[in-house]
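Please read the following report alongside the sequence and the coordinates.

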Amino acid sequence: MIPYTSSGAERLILAGLQPGPEGVHPISLEIAGVARRLAGEGGFRTAGVFIAGELTPAARRQLENCGLAEVRLYLNPAFHPFVPEQQAPALLHCVGELRPEILLLGATPEGRSLAPLAAVSLETGITADCTALALNAGGLLVQTRPAFGGGLMAEILTPQARPQMATLRYGIFPHRAAGEGGSTRLVPADPGPLPPAKTQAEALTAPAAGEEAPVVLALGGGVRAREDIEFFQNLSRVLGAELMSSRSLVERGWFPQSRQIGLSGRCVAPELLITLGIAGSVQFMAGIQGARRICALNTDPAAPILRIADIPLICDLYEAAARLCP
Amino acid sequence: MTGKTETDLKPCPPGYCLDESRLSGQAEFIAFPENPEEAAGVIRRAAEEGFPLTIQGARTGITGGAVPRGGLVLSTERMNRPLEFFRDSQGAPVLRVQPGMSFEALGNHLSRGLPVPERGLYFPPNPTESTATLGGGFGCNAQGPNSLRWGGLGAHLQDLTWITPAGEIWTLPRGRYRFDETGCPLPGGSRLSCDSLLPAGGSRFLHPRPGLDLLDFLAGSEGLAGFAGELSLTLRGLPAAAWGVVYFFEEDSGALNFAESLGQWRGETSGGEALTTLEYYDHSSLDLVRSGASRTAALRSLPPLDSPWKAAIQVELEGEDSPLLEDMLTGHLELFRAAGGREEDTWAAGSLQELEKFRLLRHGVPELINTELDRLRRELPELRKTAGDFEIPPPLARTYRETYRRDMEEEGLRGFVFGHLGEGRLHVNLLPRNGEEIRRSRTLLDRWAALTVGDGGLIAAENGIGRLKGGLLRRYGSPERWNQIESFLRVLDPGNRLGGVEILNPPENGEGRT
Amino acid sequence: MRIGVCIKQVPGGSARMDGETGLLIRGSAQGVLNPYDYFALEAALQAAASLAGPEGPGEVTALTMGPPQAEGALREALALGAGKALLLCDSGFAGADAAITARTLAQGWEKLGVPELIFCGQQTTDGDTAQVPFALAARLGIPAVGWVKAIEYFRAEGFSVLQELSGGTVRVRGGYPALFAIGREAVQPRAASLPRRLEARRAPVTRWTLADLPDPAPHRYGLAASPTRVKRIYAPLGEAKTPPLRVDPGEAAALILGALPGREGQPVPPPSGGGGPG
C-alpha cells in the first residue's frame with residue numbers, strides 16, 4: 001500500500017494513456033484533451049502515464065504532441081500483451097511519484113481492468129464509463145455516467161479519497177489537437193522489479209484497424225421486418241454509409257451485436273449520423289455523443305432523439321427511404 | 001404537400017404491398033388515418049373513387065390478409081396510441097387503445113405508464129409475434145400458445161369501435177348486440193338475418209350461433225367485414241406465480257403419451273391455478289432450432305439443445321398459490337417419468353422473465369421455417385408457404401400426428417409438425433424443394449383438409465384464410481356455410497370495397513390453394 | 001478444487017431510484033439474477049465438471065451481497081446447479097459502491113475459505129461498471145482474467161481461456177487461484193431441470209451479517225465507507241435543439257441527401273421518383 005496525500009500546492013491531473021494498434025489508442029488522445037481542458041479550468045498541472053511493451057515511432061510522435069506537460073514512459077516487454085497485475089505496479093509507481101488529484105483512464109477493457117486494481121491499492125473509488133467530466137465550484141471532479149441500464153444519468157463525486165479516478169467512455173470526448181510543436185516531455189520511468197507473472201498472455205489476433213465511417217445509418221425499432229434489412233443495406237450503399245442499429249434490432253436477432261450503437265454496444269463519431277425509426281433511449285444516446293451532426297427521422301414527435309438532432313424530421317421512415325433508394 | 005387532410009392519399013411504397021406470407025400485391029395509394037373519423041373518411045373516399053380497399057396492420061400475418069389487390073391501402077400504423085385507462089362497473093381494469101398499437105408497445109405501456117396495483121397488469125392474449133398490432137390480432141382473433149387458458153383475443157374486449165366497409169362507425173359494447181336463432185340486430189336499427197344453427201363447416205369465419213355477441217362474431221373477420229377502430233382491452237393482474245417447463249423425449253410416442261396424461265390436469269383449480277400452454281415439437285422442429293441457433297442471434301439465449309431429443313412438450317402454468325403450482329408440477333414430473341422421460345431432460349423456469357427465454361423455442365420454429373422458405377424460394381420462385389393450420393378435436397391429435405408423419409414419409413417430403421397440442425391445433429409445414437414436390441405438398445394438404453373437416457375440425461384455425469388459403473372453404477367447407485358467409489359479406493360490405501367474396505373464393509388456378 | 005461464483009440480483013424491469021439519496025429502490029421492480037451471471041455460473045459448472053475427481057464434480061458455491069430478497073438470485077443459482085448458497089445481508093452493507101462491494105465480497109470469501117477458482121459475470125445490467133471482479137481479485141490478491149470470450153480448458157494443472165481486449169484476442173494461461181470475469185459469448189448457459197428447480201425452492205441459504213465477517217468494523221462497509229458518492233440523478237432530456245419538422249417523404253429525402261458530407265449548402269437535386277404525389 002502506498003501512503004497517499006496529495007498536496008494542494010501541486011495539484012495535478014494524470015492521464016492514463018494506452019497503446020493501440022497503431023501508435024497510441026485513440027482514447028488516449030481524448031483523455032489528454034479532457035485533462036488539458038480540466039487543467040485549464042481548475043489550475044492543474046498535467047501529466048500522462050504510458051505503459052507499453054515498446055514505444056513505436058508513431059506512438060512517440062503522438063505522445064510528444066498530446067499537449068500534456070510530460071508523459072512518464074513505462075516500457076517493458078512484460079507489459080505486452082496486457083496483463084493487469086503486471087501493469088498495476090507501474091501505474092501505482094507513477095501515482096506515488098506524481099500524487100495526482102485526478103487520475104483518468106480509458107474505459108477500454110484494459111483501462112477497466114487496470115483502474116480497479118490500482119484503486120484497491122490506493123483505497124480510492126472509480127467512476128466507470130464517464131460520458132462527461134467537469135469541475136464543480138469546490139474544485140471536485142463531477143463524473144457523469146449513465147445509470148441503471150442507461151435510463152438516467154448520474155453525477156458522482158469522490159469527496160475524500162484521492163486520486164479521484166474515472167474511466168472515460170471511448171468515442172465521446174473530442175480529440176483536441178494540440179498542434180505539432182512536440183512540447184510534451186517524455187520521461188522514462190522505472191517501477192523497479194516486477195512481481196513474478198501469475199498468468200501468461202499470448203496475443204492471437206490484432207483487432208481490425210477500425211476505419212471510422214464518415215456517415216453512419218442507424219436503424220431502430222421502427223423497422224418492421226427482417227426482410228427489410230436487405231433494402232436498408234442497399235440504402236446504406238446509396239448513401240455511402242455504414243449500416244448499424246439500436247439495441248432493439250439486435251435483440252430481435254436482425255443485427256449482430258458488433259453493429260449495435262449504444263452503451264452496451266459501440267460508440268460512433270461520424271460526420272453525419274442518420275437515424276431511422278430510432279426513439280433515442282439514453283442507452284442509445286450514450287453511443288452517439290461524438291457524432292458531428294445528427295439527422296433523425298421518426299413518426300413520433302415525442303421521440304427523444306428529435307430533441308438532440310440537428311435535423312429532426314417527423315416522417316414515415318419507409319416512405320422517406322423509398323424516395324432515397326427507389 | 002405538407003398539409004394533412006382527412007383523406008390524404010399518398011402513392012403506396014412497395015414495402016406496403018407484401019406481408020409475412022411472402023405474397024406480394026400492388027396498390028396505387030395508401031392512407032395513414034390517425035383516428036376512426038379519418039379512417040371512415042378514407043373509406044368513403046375509396047368508395048367515391050371506386051378503389052378496392054385493403055386494411056393493414058403491421059403486415060405480420062402469414063396468409064396474405066394484408067396484401068393489397070390494387071386500389072388503396074388503409075394502414076393503421078398511425079393509429080397506434082393508448083387512449084384511456086379506466087375501471088369498468090365491476091372494477092376490472094380496462095385500457096382503450098387504437099388498433100395500430102403493437103403487442104410490444106402495449107406491454108411497454110403497461111409496464112410503465114399506468115396507475116397499477118402492486119403486481120402490475122397485463123393483457124393475456126399473446127400471439128408470439130410481438131410486433132403484430134392489436135387491430136390485426138382482432139382481425140384474426142389471435143390465439144397464442146396461452147389460448148388454452150385464455151381463448152382468442154376477441155373474448156378480452158369490453159367494447160369495440162367498428163368501422164364498416166361503408167364508412168360508418170359502430171360502437172359495440174359487449175352484451176348490446178347478440179345473435180338469436182334467426183340473426184342479430186345491428187347498430188342503426190337494421191338486422192343481420194341468418195340461420196344461427198349451422199355447424200362451423202371447417203371455419204369459424206363469421207360463424208354465428210345463438211347468444212353470440214356481435215363483437216365476438218366480428219372477431220376473426222380478417223379485415224373483410226370492416227375493422228377495429230378502437231378496442232377496449234380487459235386487463236388482468238399478473239399472476240403471483242408462473243412456471244414454464246419443457247419436457248424432452250427420445251421417442252415421439254413418449255411425448256404424445258405425456259401430453260395425453262397431462263390433459264387430465266387441464267382444468268383450473270378453485271384458486272385459478274391452471275395450465276395455460278401445452279405445445280408440441282416434433283423431431284424436425286427441434287433439429288431446425290438446433291441448426292438455427294448458431295446462426296440466429298436471438299436463439300442463442302436458448303439453453304443448449306445438444307442431446308439426442310426427438311420430441312418435446314412445453315407447458316406453462318400460472319396461478320396465485322405457489323405451493324399448489326409446485327404440487328401440480330411434481331405431479332407432472334411423475335407423469336413424465338411414467339412416459340419414459342428422464343428428470344434431467346427438462347428445462348424449468350419459475351418466473352415470467354425466465355420462461356420468456358423458452359418462448360423463443362415456440363417463436364423460433366416458424367421463424368426458421370420462413371428463413372428456409374426464403375432460401376428455397378431463391379431457386380424456386382413459385383414456392384409459397386405450404387402449411388396447414390388445422391384444428392382437430394384434441395383426442396384425435398395423436399392419430400393426426402401419425403397421419404402427417406406417414407404421409408410425408410410416403411411422399412418423400414420434408415416437413416415440421418409443432419403447435420398447440422392442448423387444443424388440437426397442430427401446425428404442419430411442408431418445405432418442398434422443386435415443382436413436383438410443391439404439387440405433392442398441395443395434394444397432401446388438400447387431403448388433410450378434407451380429413452379435418454370430416455372429423456368436425458377447422459381448416460383455417462388460427463392464422464386466417466387471407467389470400468393464401470382462399471378457395472379452401474369453398475372446396476372443403478359445407479355449401480350451406482359458404483352461402484351463409486357470402487350473404488354476410490354482401491350485407492356487411494354492400495359496395496364490395498374489401499372484396500371478401502373474391503378473396504375467399506378466387507378463380508381456380510390462382511393462388512387459392514392451401 | 002473449490003469453485004465459487006459471485007452473483008447479484010438486479011431489477012427485472014426498469015429500475016427506479018430515490019432522487020434524494022441517489023440510491024436504488026429495489027422494491028419497484030421484481031428482482032432477477034443479473035443476466036451476465038448465468039454465463040458465470042455455466043462456466044463454473046463446466047469447470048467443476050472438467051476438474052471432477054473420482055468422487056464427481058466439486059461443489060460450486062454462490063455468494064451474493066444484498067437485501068433479504070437477494071435470496072431469489074441465490075435460489076436461481078441453486079436451481080442451475082450450485083451446491084451451496086451464501087447471502088451477505090446487513091443493513092450496514094447498504095449503499096456500497098463498486099470498491100466497497102468488492103471489499104465485502106472478499107470478506108465473505110475469506111470467511112468461507114477463498115476458492116481456487118472464482119467466476120463473476122463481466123458486469124451487471126444495473127451498475128454496468130465491470131469493476132467489481134477486478135477489485136475483488138485485487139482484494140484477495142489473486143490474478144483476474146477479464147473479458148473472457150472462450151474457455152479452452154480447465155485442468156488440474158491450470159487453465160487456458162481467450163479474452164477480448166481492445167488490443168485484440170489474447171490467450172491467457174495460468175494456475176490457481178484465479179478469478180474470471182465471463183462475457184456473454186464464452187458459454188451457452190443451461191436451463192435448470194424441473195426437479196432441481198423444485199428442490200431449490202426449499203434448499204437452505206446461509207446468511208451472514210456484518211458481525212460474522214473477519215473484519216466486523218461497521219465503518220468499513222456500506223455507503224459510509226464508499227469513496228464515491230452519487231450527487232445527482234437526472235433524466236437527460238433538455239429542450240429540442242431544433243424544432244422537429246413534419247415533412248413529406250420527398251422533403252425528408254431531400255434533407256437527408258443535403259446533409260451528406262460534401263453536400264452541405266449545395267442545391268439539392270430532386271430525389272428520383274419526384275418530389276411528392278400528384
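Two strands are said to pair if DSSP finds at least two bridges between them, and the strands themselves (E, at least two residues), like the helices (H or I, at least four residues), are DSSP runs numbered from the N terminus. The model is predicted, and local features need pLDDT of at least 70, side-chain atom pairs count only at pLDDT 80 or more, while totals for chains, interfaces and linings use all residues. Residues are numbered from 1 along each chain as its sequence is written, and chains are lettered from A and ligands numbered from 1 in the order in which they are written.

**Pairing across and within chains**

Strand E8 (residues 152-157) of chain A is joined by five bridges to strand E14 (residues 229-234) of chain C, and the two run antiparallel. Within chain A, E8(A) also pairs in the antiparallel sense with strand E7 (residues 141-147), over five bridges.

| Residue | Partner | Strand of the partner |
|---|---|---|
| A:Met153 | C:Tyr234 | E14(C) |
| A:Ala147 | A:Leu152 | E8(A) |

**Contact between chains A and C**

Counting two residues as in contact if their C-beta atoms, placed from the backbone, lie within 7 Å, the contact takes 74 residues from chain A and 66 residues from chain C. On the side of chain A that touches chain C, the largest share, eight residues, comes from helix H4 (residues 109-122) of chain A. That side divides into 47 nonpolar, 13 polar and 14 charged residues, where Ala, Val, Leu, Ile, Met, Phe, Trp, Tyr, Cys and Pro count as nonpolar, Asp, Glu, Lys and Arg as charged, and the others, Gly among them, as polar.

**The open sheet of chain A**

Chain A holds an open sheet of seven strands, with parallel pairing, in the order E5-E9-E4-E1-E2-E3-E10. Its edge strands, each pairing on one side only, are strand E5 (126-130) and strand E10 (185-188) of chain A. From one strand to the next the twist averages 20°, with axes being lines fitted to C-alpha atoms, for helices over the stretch in contact, and angles running from 0 to 180 degrees between N-to-C directions. Strand E1 (residues 12-17) and strand E2 (residues 45-52) of chain A pair in the parallel sense over six bridges. Helix H3 (residues 84-98) of chain A packs on the sheet, where it touches E1, E2, strand E3 (70-75) and strand E4 (102-106) of chain A, and its direction makes about 160° with that of E2(A).

**Chain B and its domains**

Chain B has 14 helices and 20 strands. Its radius of gyration, 23 Å, is close to the 24 Å that the globule rule gives for 514 residues, so chain B is as compact as a globular protein of that length; the radius is taken over C-alpha atoms, and the rule is 2.2 Å times the number of residues to the power 0.38. Along the principal axes, the C-alpha atoms of chain B fill a box of roughly 65 × 60 × 50 Å.

The domain assignment, whose bounds come from an automatic or database source, gives chain B domain 1 (10-75), domain 2 (82-237), domain 3 (241-454) and domain 4 (472-504). The centres of domain 1 and domain 4 of chain B, taken over C-alpha atoms, are separated by 20 Å, and their contact takes six residues from domain 1 and four residues from domain 4.
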